[in-house]
Amino acid sequence: MPTFAPDTAASLPGDAWLQARRTAAAEAFAASALPTEKDEVWRYSRIDRLDLDRFAPVATTPVVAENQGASTSERIHALADRLGPRSCLVVTINGVLATVSGEAASSTMTIGRLTDHPESSSLLGSVLATPTDFPLLNDAFAPDPVVIDVPEGVTLEAPIVIIHAVVGLGGSAVFPRTVVRAGAESGVGIIEVVVDADEGALVEQVLGGLAPAVPCERLVVPVTELDLGEAAVVDYVSVQALGAAAWQLAHQTSRLAARAKLSSYAVALGGAYARLRTDSALMGESASSRLRAAFIGRDDQMLDFRTLQDHCAPRTTSDLLFMGAVADTAHSVYSGLIRMQKGAVRSDARQTNHNLVLAEGAQADSVPNLDIEENDVQCSHGSTVGPVDEDQRYYLESRGIEPGRAEQLIVAGFFEAIAEQVPLAGVRPLIGAALAERSGVTRD
Amino acid sequence: MSTGELVIDDLRAGIPGREILQGISLTVRSGEVHAVMGPNGSGKSTLAHVIMGRPGYEVLGGTVTLDGIDLLALPTWQRARAGLFLAMQHPIEVPGVPLVDALASARAAVPIDGSASSTPDIMGRLHDEANRIGLDQRLLDRPLNVDLSGGERKRNETVQLAVLRPRFALLDEIDSGLDVDALADVGRRVQDATDEWGLGVLAITHFHRLLDVLVPDVVHVLAGGKVVATGGPELARAVDRTGYAGYV
């Protein structure tokens, strides 16, 4: 029997509606062909190398509970403490809610298990209504979705931190799911981390300079839905710190009502093949999305970004800037689409992708696209792919700085400049440090 | 006080397919100020960049030596370590790299007094020099040349010169984009450096007004890639009065 069979999905615990939903999704997934690199949205990817039969869904955390539990928990909390001030901490382990703690958890807000929410069946999939391929797989196998429901008019001072830890069990497939509903005129900051919490895994390499453990091959398929009501303001930071052998197929999708403001920032560090699809649909007049990503590819890693800025209403704005570097024989892909739908008059979309290629064997592909059905709009897109800027290097070298050091300064500066744009200030130092560590350069 | 000389001898250079400098010879000694004036397209900036080694330029013949060291055989950073500095006409933005970090790396490479300076030393010197030249202290923490006005960039270049204390400085239109007060501050700082540590200066300029503050010992007029006239400060005034028409 294939490992992602409808029967397996149906056997996951949950209410009848959820079980029926999972089964339908698993059947739809089984009935559809897996994507291939011939499909436009999978061009340049490594999807042909993914052998799904090597993975099986895990919905429980038995191994952790026995001997690693305490130290895993300590590592997760140590990480949480480095993410800056927070109002609430949510931890899932292998996709199953483990803890919810903090002030906000007891306020009028709902933070926790989606299935405990009275509107759970309408909340799940409210933004991602018609998933295909891997998000569909998440629909089928997400064991325990997390909900953050911020009531109308409520503003939270400190961000909510969600840590999705994957641990143990090579060959496991993990399906974290987060659903955020920000009510009208609410304000919330969210930091969502997907992290390999094994001992010696990337989180510790980045944070503590430990030697890497033998990486565990896993499939991680996180889906996050962000639903912004009228004039809601959401700052959303995501950090991917998976182990070196992980496959990630992530999907972050947002829907913005009139005058809503989303500032999203994704950091990609780990994974063997780590793909992130970021969609932002501007549904209401004057809604605006600011989309940022910072990434560093090393070794033979591939980091793959697909974006959609979908303008569906008048005077909407989107501003995308994805910046990263590839070293060694790493490969990055950026492919993005700006869609200006009929009626999106006086909308403004920007899309920029800068890639530093730090080694001869490294590669970065950048593919911007426009699809414009409305005349009265403004769009701009641009990308750069190349080594460290020759003029910048010349400037520093003219000060007597040797070339290797000049390049270090420029690369560190490149990431410093983008780390400054992280919307939640508390998490900036960690992101800056992680990027510097991962880029292999320091200022000192 | 250093003594030495920067000798440019029959320098021919250009960009691929075009010879711009057609045999330039001049010698700057420590403590001297030489002005290079000339119309647009005469090769002034090319001269500065060829001596510093900017990528994209080709040397076709001749030599440039600093105390006998063959600069043209060295990469840019080693030319700087030999004691050369270029204040650029258009200082380049380096996002995310604060001035202090760049200078700490530069000073670690070129200790003036035989010992590498620590970052706090650099900060102290930077603040002193910024004060002296009227550069807002807050700009020192900014990434290099990012979001600086034209005048701030030129003051910034001058601050770097003063902190690094090179033996010879090429000033490529350090006066462009400066108002009268800034011009006086920058010119005076460079003039003082010729006394303080015997800085030798090759100042490229369009205008006479810089030379009222930074008084040249020698003035060269460059036209068509050649030095067409050499004289004292009076030559600069003559050029200012009559233009370059008589030299081209």
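One of the salt bridges lies within chain A, where A:R21 and A:D139 bring their closest N and O atoms to 3.3 Å. This pair links distant parts of the chain, for A:R21 belongs to helix α2 (residues 16-31) of chain A and A:D139 to helix α5 (residues 133-141) of chain A, with 118 residues separating them.

**Confidence**

For the complex, the predictor reports an ipTM of 0.94 and a pTM of 0.85. The per-chain values are set out in the table.

| Chain | Average pLDDT | Residues scoring at least 70 |
|---|---|---|
| Chain A | 90 | 92% |
| Chain B | 90 | 94% |

Where pLDDT is low, the predicted coordinates should not be read in detail.

**The interface between chain B and chain A**

The size of an interface is often given as the accessible area lost when the parts come together. Between chain B and chain A the buried area is about 2,100 Å², and carbon and sulfur atoms give 64% of it. Chain B contributes 31 residues to the contact and chain A contributes 21 residues.

Two salt bridges are counted between the chains, one of them formed by the side chains of A:D391 and B:R54, with an N to O distance of 3.1 Å. Across the interface of chain B and chain A there are also ten residue pairs in polar contact, both residues of each being at pLDDT 80 or more. On the side of chain B that touches chain A, at least two residues each are supplied by the helices α1 (44-52), α2 (76-81), α3 (99-109) and α5 (150-164) and by the strands β6 (84-87) and β7 (94-98) of chain B. The residues of this side of chain B divide into 19 nonpolar, seven polar and five charged.

**A sheet of chain B**

Chain B contains an open sheet of four strands, with antiparallel pairing and the order β2-β1-β4-β5. Its edge strands are β2 (18-29) and β5 (69-70) of chain B, each of which pairs on one side only.

Further into this sheet, strand β1 (residues 5-15) of chain B runs antiparallel to β4(B) and is joined to it by seven bridges, and B:D9 has B:T63 in β4(B) as its bridge partner. Strand β4 (residues 58-66) of chain B is in turn joined to β5(B) by two bridges, again in an antiparallel arrangement. At this pairing, B:L66 has B:I69 of β5(B) as its bridge partner, while B:T65 stands opposite B:D70 in β5(B). The hairpin of β4(B) and β5(B) has two residues between the strands, and B:D67 in this hairpin takes a positive phi near 50 degrees. In a regular strand the side chains alternate between the two faces of the sheet.

Key
Residues numbered from 1 in each chain as written. Chains lettered and ligands numbered in written order. Heavy atoms only, no water. Contact = heavy atoms within 4.5 Å. Buried area = accessible area lost by both parts, 1.4 Å probe. Salt bridge = Lys/Arg side-chain N within 4 Å of Asp/Glu carboxyl O. Polar contact = N/O pair within 3.5 Å; in protein donor to acceptor, adjacent residues only side chain to side chain. Nonpolar A, V, L, I, M, F, W, Y, C, P; charged D, E, K, R; others polar. Pairing = 2+ DSSP bridges. pLDDT = per-residue confidence, 0-100.
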